[in-house]
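Open the model in your viewer and keep the selection tool at hand.

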Amino acid sequence: MTHPLGNPPSKIIAVHLNYPSRARERGQVPAQPSYFLKPPSSLAGTKEAIVRPAGCELLGFEGEIALVIGSRARHVAPEDAWSYVRWITAANDAGVYDLRHADRGSNLRSKGADGFTPIGPRLLDARQVDPAGLRLRTWVNGGLVQDDTTDTLLFPFGQLVADLSRLVTLEPGDVILTGTPAGASVVRPGDLVEVEVTAGELSTGRLRNPISEGGPLAPYGAMPRADPADREAAYGAAHEPEPLLAPRLADGLRSVAVATLSAQLRSRGLPHMSVDGVRPVGQAGVTMVGVAHTLRYLPLREDLFEKYGTGLNAQKRAVEQVRPGHVLVMDARRDPTAGTLGDILALRAHRRGAAGVVTDGAVRDSSTLAGLSLPVYAAGAHPSVLGRRHVPWDTGVPIACGGALVQPGDLIVGDADGVVVVPPDLADDLIADCREQERQERFITERVASGESVDGLYPLGPAWRTAYGTWCKGETQ
């Protein structure tokens with residue numbers, strides 16, 4: 001494969017997040033830059049096809065500005081760092097999200113395939129441009145999809161070079177991919193991606209790369225797979241994610257009482273599925289149904305709070321990870337003497353589409369929370385801010401909440417009686433049996449109201465089966 005550098009660089013370093021617009025899409029603003037490596041063999045030039053392996057559906061494009069190092073850089077200061085950059089050019093940091101699971105954290109196979117880093121077509125002399133005065137644009141099939149400038153970067157180019165040079169010697173020819181703005185998404189075979197970088201009248205020209213379909217991957221290794229989270233990440237702002245919970249199931253769970261669900265779960269040998277000690281914070285008459293997204297608090301340790309409790313900590317990450325239909329379930333060790341959620345984070349969860357919040361600790365700003373159209377269940381209210389009893393530790397892990405084991409993906413149902421955890425694989429049968437139980441209870445209630453004894457009637461005994469069958473026929477007419 002040909003590219004404007006001629007000889008391959010010793011390394012290609014890519015920045016995860018750098019444009020504020022992309023950070024807003026991702027729901028996180030990093031305090032410091034973070035990086036991953038791409039193999040030099042991933043380099044390609046303009047007009048060369050980016051090949052999507054057969055079996056992959058999520059080939060993502062990311063228009064970027066590439067810096068090409070001109071002289072050896074080690075321990076350089078930020079104010080001097082731009083002088084070590086010789087060229088800038090356009091780049092496309094392509095990758096298949098279907099293989100992110102294979103090398104979680106390194107992106108080796110998802111981002112490092114041959115041809116996944118096209119650059120060019122022309123190199124601009126870095127000495128003739130203002131690094132804060134560049135414009136980056138990307139087109140897909142002729143339509144403009146990315147358009148941003150470098151004057152508001154989270155981490156200016158000089159900072160990236162200086163930061164990397166603290167520990168990694170940058171050699172002449174090395175490439176730094178400086179991040180992508182909002183608008184990156186998915187392309188398919190037959191599409192054409194174009195990227196251009198301009199500095200006033202100067203231009204790299206358009207880097208043009210068609211997308212083509214490749215052959216199947218050999219089976220001796222990780223194979224492509226994608227889940228809803230991968231699709232959401234790949235499509236970005238253009239993606240409308242599939243519902244976490246099928247509307248049919250959600251409506252079915254909403255149609256039955258938590259008390260009935262609890263009874264049916266107990267009849268199946270699951271007596272410990274209720275989240276004990278939590279009560280609704282307002283929302284009278286509202287039924288909560290959603291999919292568990294978990295957050296775990298650990299006991300406060302002052303020497304660890306600075307590391308785990310500040311910045312974009314697990315508490316804030318959990319809120320920013322909420323998808324429509326999630327119920328944020330918090331393990332606060334059943335300690336109601338400190339707040340685990342306040343009005344601002346509850347509002348943010350609500351804006352992100354949360355179906356509810358459950359904590360076996362306390363909440364702050366309880367009167368405001370009661371006024372939100374967001375079901376919230378808590379063990380109490382407490383005025384304290386984070387840091388009195390808890391350290392927010394991690395998200396997306398199995399937790400204990402109110403004595404119930406909750407796994408990410410469990411179904412959570414709440415009403416005025418409390419909250420119960422429903423294993424997803426039991427949901428259909430539970431709904432059917434709950435409806436039958438509640439129908440029997442309607443019949444029993446009518447008989448008791450008319451003066452009948454509960455002996456042999458509640459629960460429904462053989463002597464009442466015929467009368468119940470006749471009653472059911474009348475109810476369905």
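A nonpolar core is a set of buried Ala, Val, Leu, Ile, Met, Phe, Trp, Tyr and Cys residues joined through side-chain atoms within 4.5 Å. The model shown here is predicted.

Start with the largest nonpolar core, which has 43 residues. Select Ile65, Leu67, Ile88 and Val161, the members that touch the most others. Next, colour the elements that give two or more residues to this core: β1 (12-15), β6 (63-69), β7 (85-92), β10 (135-140), α4 (157-165), β14 (192-199) and β16 (207-216). Helix α4 provides the largest share, five residues.

Stay with leucine 67 and show what surrounds this residue. Leaving aside residues up to four places away in sequence, its contacts are Trp82, Val85, Trp87, Ile88, Phe157, Val161, Asp174, Val175, Ile176 and Thr178.

Now move to another core.

Select helix α5, residues 228-235. Which of its residues are buried? They are Asp230, Ala233, Ala234 and Tyr235. Their cover includes α1 (20-26) and β13 (186-187). Step just past the end of α5 to glycine 236, where phi is positive, about 65°.

Val448, Val454 and Tyr458 make a nonpolar patch of about 270 Å². Valine 448 lies in helix α12, residues 427-449. Is valine 448 buried or partly exposed? Valine 448 counts as partly exposed because its relative accessibility is 36%, and that class lies between under 20% for buried and over 50% for exposed.

Note on methods: Residues numbered from 1 in each chain as written. Predicted model: local features only at pLDDT ≥ 70, side-chain atom pairs only at ≥ 80, totals over all residues. Heavy atoms only, no water. Buried < 20%, exposed > 50% of the residue type's maximum accessible area, 1.4 Å probe, protein only. Helix = DSSP H or I, 4+ residues; strand = E, 2+ residues; numbered from the N terminus. Contact = heavy atoms within 4.5 Å. Patch = residues over 30% accessible without salt bridge, like charges linked within 9 Å, V, L, I, M, F, W, Y side chains within 5 Å. Areas by Shrake-Rupley, 256 points an atom, 1.4 Å probe, with all protein chains shown as cover. Salt bridge = Lys/Arg side-chain N within 4 Å of Asp/Glu carboxyl O.
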